[in-house]
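User: I'd like to go through this model residue by residue. Can you take my questions as they come?

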Amino acid sequence: MMQRTLFRRGALLAQKAAVEVPLLPMSAPLQPRLDRAMSSVTIPPPECMLRPLEVPFRYLFGPGPSNVPPRVLAAGGRGIIGHMHPEMYEIMNDIKKGIQYAFQTQNNMTIAMSGSGHAAMECAVFNTVEPGESVLVAVNGIWGERVAEIAERMGANVHIMVKAPGGVFSNEEIEKALAKHKPVLFFLTHGESSAGLAHPVDGIGDLCRKHNTLFLVDAVASLGASPIFMDQQNIDILYTGSQKALNAPPGTAPISFNERACQKMFNRKTKPVSYLFDMAHLSNYWGNDGQPARLYHHTGPVLGFFSLRESLAIFAEKGLEESWRHHREVAGYLWKGLEDMGLKLFIQNKDLRLPSVTTIAIPEGYNWREMLQYIMKHHNMEMTGGLGPSTGMVKQIEWLDYQCREESTLLLSRLSH
């Protein structure tokens with residue numbers, strides 16, 4: 001009892017002493033600096049930031065993002081954890097396995113980029129190509145144009161094969177260009193969303209191996225909607241985006257490199273032009289380099305990874321074959337409805353149509369911008385026109401998994417008329 005009383009008295013004396021200790025006078029130079037800092041705010045808080053956030057509901061049938069399932073939204077709303085916590089690493093390991101299933105690959109060097117599909121696009125080129133090396137790009141829409149510019153900016157010797165939007169490159173044409181330009185990398189878009197084309201891939205990987213070329217494929221608009229088999233089709237580098245058929249928010253981009261690609265990018269003479277996209281660092285961040293510890297490289301999008309992990313879980317539960325079948329079935333339902341109304345689909349060959357993106361040829365005499373603005377204004381529905389070379393030629397209707405339902409096709413076909 002005596003000890004407790006003495007302790008309380010000591011605490012009170014310490015508090016009193018702390019209060020009564022006079023503050024030391026500030027040095028003369030410091031006081032004016034503080035005064036200036038406190039009086040330097042001349043721009044008031046913006047009124048818009050004092051209002052609650054308002055986000056309208058929209059039916060997203062444009063080029064992405066897509067409408068997100070409640071389950072994925074809930075995953076992105078979970079409590080945040082550190083990006084280097086053991087639990088986060090476990091989630092990243094799950095994401096890797098989910099991507100391997102979606103890509104149909106056993107590649108160890110499989111990750112999700114922190115960024116949109118463009119991040120994966122640049123990562124693929126930056127890591128496998130050095131300045132002065134030859135790159136061959138198949139251009140039949142906007143995404144080939146983008147890759148050609150990216151490769152050109154980092155100093156590659158870029159060669160392009162060009163077709164009109166929706167055009168298909170034959171394997172004979174590709175082999176002839178490979179033999180002529182001897183590229184270290186050949187790029188092809190599997191799902192060319194700007195035209196609504198699903199480009200055939202079979203046999204191209206074999207040709208690239210024959211000519212000692214890496215085969216890079218963009219599957220941003222096609223993964224989950226149209227079959228692709230990374231290992232079986234000898235694709236060396238494959239990437240996609242989270243905001244398409246995976247139905248996750250934009251901001252993460254799955255990408256995978258096989259052993260051939262790893263041999264090229266980890267035995268280069270110069271460092272990649274991007275530090276953020278350097279796979280020497282990213283492979284460690286994702287635990288793919290065999291090192292006992294993962295070192296800090298950048299802060300990954302934790303909530304984005306939560307959402308991606310959940311979307312991949314839904315994908316695995318449904319199964320690849322069912323996802324492909326579902327997209328094809330509902331797309332066919334829409335195609336028939338549009339054609340029955342006299343509208344012309346841009347891709348005439350049904351076998352080459354991208355199930356996730358339907359492109360309608362703009363009828364003569366119609367202003368496609370006015371059409372899309374009217375639909376958005378009166379029906380809260382986002383669609384889009386062409387992109388790049390297909391601008392003014394098509395109207396795109398993109399639907400991806402969660403929004404890919406028969407009732408949606410009825411609504412879309414009526415509004416598209």
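Predicted model: local features only at pLDDT ≥ 70, side-chain atom pairs only at ≥ 80, totals over all residues.

User: Then is asparagine 234 buried or exposed, and what is its relative accessible area?
Analyst: Asparagine 234 sits in the loop between strand 8 (214–218) and strand 9. Its phi is positive, about 55°, although it is not a glycine. The cut-off for buried is under 20%, so asparagine 234 is buried, with a relative accessible area of 16%.

User: Which loop holds asparagine 247, and what is its relative accessible area?
Analyst: Most residues other than glycine have a negative phi. Asparagine 247 has a positive one, about 60°, and is not a glycine. You'll find asparagine 247 in the loop between strand 9 and strand 10. Asparagine 247 is buried, and its relative accessible area is 1%.

User: Which lysine does UniProt list as a modified residue, and what is its relative accessible area?
Analyst: The unreviewed UniProt entry lists Lys244 for "modified residue: N6-(pyridoxal phosphate)lysine". Lysine 244 lies in the loop between strand 9 (237–239) and strand 10 (252–257). As for burial, lysine 244 is buried, at a relative accessible area of 6%.

User: How far is arginine 294 from the nearest side chain of opposite charge, and which side chain makes a polar contact with arginine 294?
Analyst: Arginine 294 is in the loop between helix 10 (279–285) and helix 11 (302–318). It is buried yet has no salt bridge, with glutamate 90, the nearest side chain of opposite charge, 7.2 Å away. The backbone oxygen of tyrosine 285 lies 3.3 Å from a polar atom of the arginine 294 side chain. The side-chain polar contact of arginine 294, at 2.9 Å, is with asparagine 93.

User: What span should helix 6 have, and how far apart are its end C-alpha atoms?
Analyst: Helix 6 covers residues 142–153, twelve residues, and its buried ones include Trp143, Val147 and Ile150. After the helix comes glycine 155, with a positive phi near 95°. At 1.5 Å a residue helix 6 should span 16 Å, which agrees with its end C-alpha atoms being 17 Å apart.

User: How far is alanine 138 from leucine 188 in space?
Analyst: Alanine 138 belongs to strand 3 (residues 134–139), and at 1% relative accessibility it counts as buried. The residues that alanine 138 touches include Gly144, Phe186 and Leu188. Alanine 138 and leucine 188 are 50 residues apart in sequence, but C-alpha to C-alpha the distance is 5.4 Å.

User: How many residues apart in sequence are the parts that glutamate 317 and arginine 71 tie together?
Analyst: Glutamate 317 forms a salt bridge with arginine 71, their closest N and O atoms being 2.8 Å apart. Glutamate 317 lies in helix 11 and arginine 71 in helix 3 (residues 70–76), so the parts they tie together are 246 residues apart in sequence. Glutamate 317 is exposed at 55%, while arginine 71 is partly exposed at 35%. Back to your number: 246 residues.

User: And which residues are linked with Arg71 in a network of salt bridges?
Analyst: The count of salt bridges comes to twelve. Among them is the one between glutamate 317 and arginine 71. In the network, Arg71 is linked with Glu310 and Glu317.

Note on methods. Residues numbered from 1 in each chain as written. Heavy atoms only, no water. UniProt positions renumbered as here; feature names shortened; annotations may be inferred. Helix = DSSP H or I, 4+ residues; strand = E, 2+ residues; numbered from the N terminus. Buried < 20%, exposed > 50% of the residue type's maximum accessible area, 1.4 Å probe, protein only. Lys, Arg positive; Asp, Glu negative; His and termini not counted. Salt bridge = Lys/Arg side-chain N within 4 Å of Asp/Glu carboxyl O. Polar contact = N/O pair within 3.5 Å; in protein donor to acceptor, adjacent residues only side chain to side chain. Expected span 1.5 Å × (residues − 1). Contact = heavy atoms within 4.5 Å. Lists of a residue's contacts leave out its neighbours within four places in sequence.
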